[in-house]
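This report describes selected features of the structure shown below. It takes up the packing of side chains, the strands and helices, and the charged pairs in turn.

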Amino acid sequence: MVKPGPDTSGLLLGDAGFAHTAGYWYPDNRILGFSQLHFHGTGIEDYGNVLIMAGYGQMTAARTQPSEFGQPFRHRSESVRLGAYAVTLEETDIAVRVSATTFASTVEFEFPPVQIAPTISINLGHGLGRQGDLAGAVTIGTDALWGWTTNAGRFTGANRSFPVFFYSRFTTGPEVIGVWNDGNIMRGERTVAGVQTGAWLRYPVNVARRIITVETGMSYASTDQARANLEHRTGGPLDRLPDWAQALSTIRVGGGTTQQRRIFYTALYHSFLMPTLMTEADGRYVGLDRQLHTSDGFNYFSDLSMWDTYRTLHPLLTLIAPQVARDVLWTLDAMADQHGKLPRWPLAVNETGTMLGSPASIIIADTILKGITDVPVEDLLDHMVADADGVAGRSIRGNIQACLDAGFCPADKIGDSVSKSLEYAWADFAIARLADHLGQPELADRFAGRIRNYQPHWDQETGFLRGRNSDGTLAIPSFSPTEWNDDYTEGNAWQYLWAVPFDVSGLATLFGDRDAMLAKLDRFFELSFNEETEYFAGPPLAAPPVYYWHGNEPDIHAAYMYALAGQPDRGVRWIDWVRSKHYDDTPDGLAGNDDA
């Protein structure tokens with residue numbers, strides 16, 4: 001639940017933008033503070049709540065801004081191990097160590113001997129990608145402070161903001177305390193509520209090294225629950241969550257180089273960073289209806305970036321973390337009950353509806369078909385069918401009836417029409433497979449009849465899937481397969497041509513036969529190979545490649561289309577190329593953000 005870490009800024013991009021979706025960006029040279037909640041590998045900023053930082057001297061209105069209270073750092077002073085981060089702040093020589101348990105963080109400040117009073121601030125107005133001023137409240141007790149702040153990042157938005165509660169305990173009592181509200185410093189005051197609030201603790205001048213530790217429990221329910229979460233140590237169903245040693249030993253590799261093993265285990269580590277646990281220490285959680293529920297025998301998660309993860313993370317979890325895969329399905333069922341329909345991208349207590357398709361249906365079918373059956377199968381199938389059929393109030397497919405009437409998604413009625421036809425066909429394939437597995441042949445046949453609803457998009461003249469209007473005419477007559485246009489989501493015609501792994505034989509019929517399809521796949525990768533030298537020599541955050549794009553979802557599986565077409569040997573070269581060219585063990589050793 002709690003994911004503490006440094007939020008940074010620098011000369012290149014300041015403290016805003018795509019680079020800071022997780023708070024920290026390696027090219028930066030300044031730490032604003034250490035916040036307690038984060039995303040990992042997303043494409044949009046959010047969280048970054050309860051920013052804790054240390055410095056020296058009197059608190060001023062200017063220093064309530066993280067940009068003013070923050071300090072420079074150098075990478076040579078950083079150290080990282082599983083579950084812990086450490087750094088020495090360059091300007092003040094304060095050593096900081098950050099670690100976490102399931103529900104709480106520990107931020108430890110070690111101050112050198114100085115003649116200036118050490119100060120710790122807790123800033124509730126800070127957030128990543130925040131929307132305007134953030135409201136909050138804080139109260140300072142004898143050895144702790146507590147309160148709440150608003151989460152309203154760029155993803156959440158102001159209209160879907162929600163409270164986050166905290167309870168922080170400090171090991172050493174301060175000499176002077178105070179709070180602030182919108183830059184107004186109130187020395188000696190113990191409580192405040194409003195916008196851009198925070199608290200500060202000042203300690204006596206120290207002539208010897210001093211360590212001050214701040215432990216913080218977080219909660220989505222209440223400050224009392226945040227305190228209970230802080231005090232929670234053992235017991236209960238949450239003990240099923242693997243610690244890092246267990247998680248990373250689930251796959252053991254031999255051979256290869258040190259670099260290859262480091263890349264592999266870094267990737268495995270990333271696989272356990274999300275989704276985010278929402279179940280509190282007492283077994284309750286705040287659902288998508290903003291109400292408290294009790295999770296009976298499962299851990300409730302959120303931050304499920306499913307369009308980004310249904311092809312990759314979730315199939316992996318069924319193999320290496322089946323308990324998590326099981327709990328995700330229980331979570332999806334609970335979310336559908338609370339929200340009225342299956343979600344697509346739930347963030348904490350919100351359904352954002354971001355991206356497209358019905359990825360939850362694909363995750364559900366894949367998980368059950370791989371043998372994880374201790375889930376509410378019939379309820380889940382009912383939610384899947386209601387979504388696919390466009391039942392009022394129960395579907396995330398938007399104007400799906402227009403697609404069902406036309407037998408494809410018409411561009412004059414549906415945006416990103418090619419992408420949506422492909423996504424809906426993939427989800428319908430999943431429903432058909434699951435219905436067949438459950439012994440429901442009529443339902444299986446009905447959805448199997450919808451699997452090829454992408455085929456009307458085929459344009460024989462160009463050899464690509466293209467948007468068509470309701471009357472069958474091409475939506476964009478002037479066409480380049482390497483350019484983004486309104487037919488596709490986050491991609492182009494080359495990249496979406498291969499988004500049919502569920503129906504390779506059907507795709508081959510459009511080309512004429514499998515040999516013709518594989519010849520074009522060869523051409524696609526040859527073009528990708530020739531493009532990659534220029535692309536990888538480009539500047540950071542350069543424009544994406546126009547052929548194979550490993551940093552994004554739609555064609556990430558393309559090298560395996562050879563295997564699905566019955567010729568895995570032809571794909572070996574390109575799988576090796578992807579592995580060697582798109583990963584390394586440097587700070588930007590991924591071809592893109594890993595999208596949770």
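## Contacts of tryptophan 498 and the nonpolar cores

In this predicted model, tryptophan 498 is in contact with Leu507, Phe511, Met517, Lys520, Leu521, Phe524, His557, Ala558 and Met561, leaving aside its neighbours within four places in sequence. Tryptophan 498 also belongs to the largest nonpolar core, which holds 151 residues. Together with Phe109, Ile120, Tyr220 and Phe525, Trp498 touches the most other members of that core. Helix α11 gives the most to this core, contributing 10 residues.

## Helix α11

Helix α11 spans residues 417-437 and has 21 residues. From its first C-alpha to its last it reaches 30 Å, close to the 30 Å expected at 1.5 Å a residue. The helix is mostly covered, with 16 of its 21 residues buried. Glycine 439 follows α11 and has a positive phi, near 75 degrees.

## The nine-stranded sheet

An open sheet is formed by 9 strands in the order β5-β6-β7-β8-β17-β12-β11-β10-β15, and their pairing is antiparallel.

Asparagine 151 stands opposite phenylalanine 162 in β12. Helix α2 (residues 223-231) lies across β8 (104-111), β11, β12 and β17 (210-219), and runs at about 50 degrees to β12.

## Leucine 277

Leucine 277 lies in strand β18, which comprises residues 276-277. With a relative accessible area of 5%, leucine 277 falls under the 20% limit and is therefore buried. Leucine 277 and methionine 53 are 224 residues apart in sequence, and their C-alpha atoms are 25 Å apart in space.

## Salt bridges

The count of salt bridges comes to 25. In one of them, glutamate 45 pairs with arginine 154, the closest N and O atoms being 2.6 Å apart. Glutamate 45 lies in the loop between β2 (30-35) and β3 (51-56), and arginine 154 in the loop between β11 and β12, so the pair ties together parts that are 109 residues apart in sequence. What is the relative accessible area of glutamate 45? The value is 6%, and glutamate 45 is buried, whereas arginine 154, at 42% relative accessibility, counts as partly exposed.

Aspartate 282 and arginine 284 meet through their side chains in a salt bridge of 2.8 Å, N to O. Both ends are partly exposed: aspartate 282 has a relative accessible area of 39%, and arginine 284 is at 31% relative accessibility.

Arginine 397 forms a salt bridge with aspartate 387, with the closest N and O atoms 3.6 Å apart. Arginine 397 sits in the loop between α9 (377-388) and α10 (400-406), and aspartate 387 in helix α9, 10 residues apart. Arginine 397 and aspartate 387 are both buried. These two residues take part in a network of salt bridges that links Asp387, Asp389, Arg397, Asp428, Arg446 and Arg450.

Key:
Residues are numbered from 1 along each chain as its sequence is written. This is a predicted model: local features need pLDDT of at least 70, side-chain atom pairs count only at pLDDT 80 or more; totals for chains, interfaces and linings use all residues. Side-chain values use heavy atoms; hydrogens and water are left out. Two strands pair if DSSP finds at least two bridges between them. Helices (H or I, at least four residues) and strands (E, at least two) are DSSP runs, numbered from the N terminus. Contact means heavy atoms within 4.5 Å. Axes are lines fitted to C-alpha atoms, for helices over the stretch in contact, and angles run from 0 to 180 degrees between N-to-C directions. The expected span of a helix is 1.5 Å times one less than its number of residues. Buried means under 20% relative accessible area, exposed over 50%, partly exposed in between (1.4 Å probe, protein chains only). A nonpolar core is a set of buried Ala, Val, Leu, Ile, Met, Phe, Trp, Tyr and Cys residues joined through side-chain atoms within 4.5 Å. A salt bridge is a side-chain nitrogen of Lys or Arg within 4 Å of a carboxyl oxygen of Asp or Glu.
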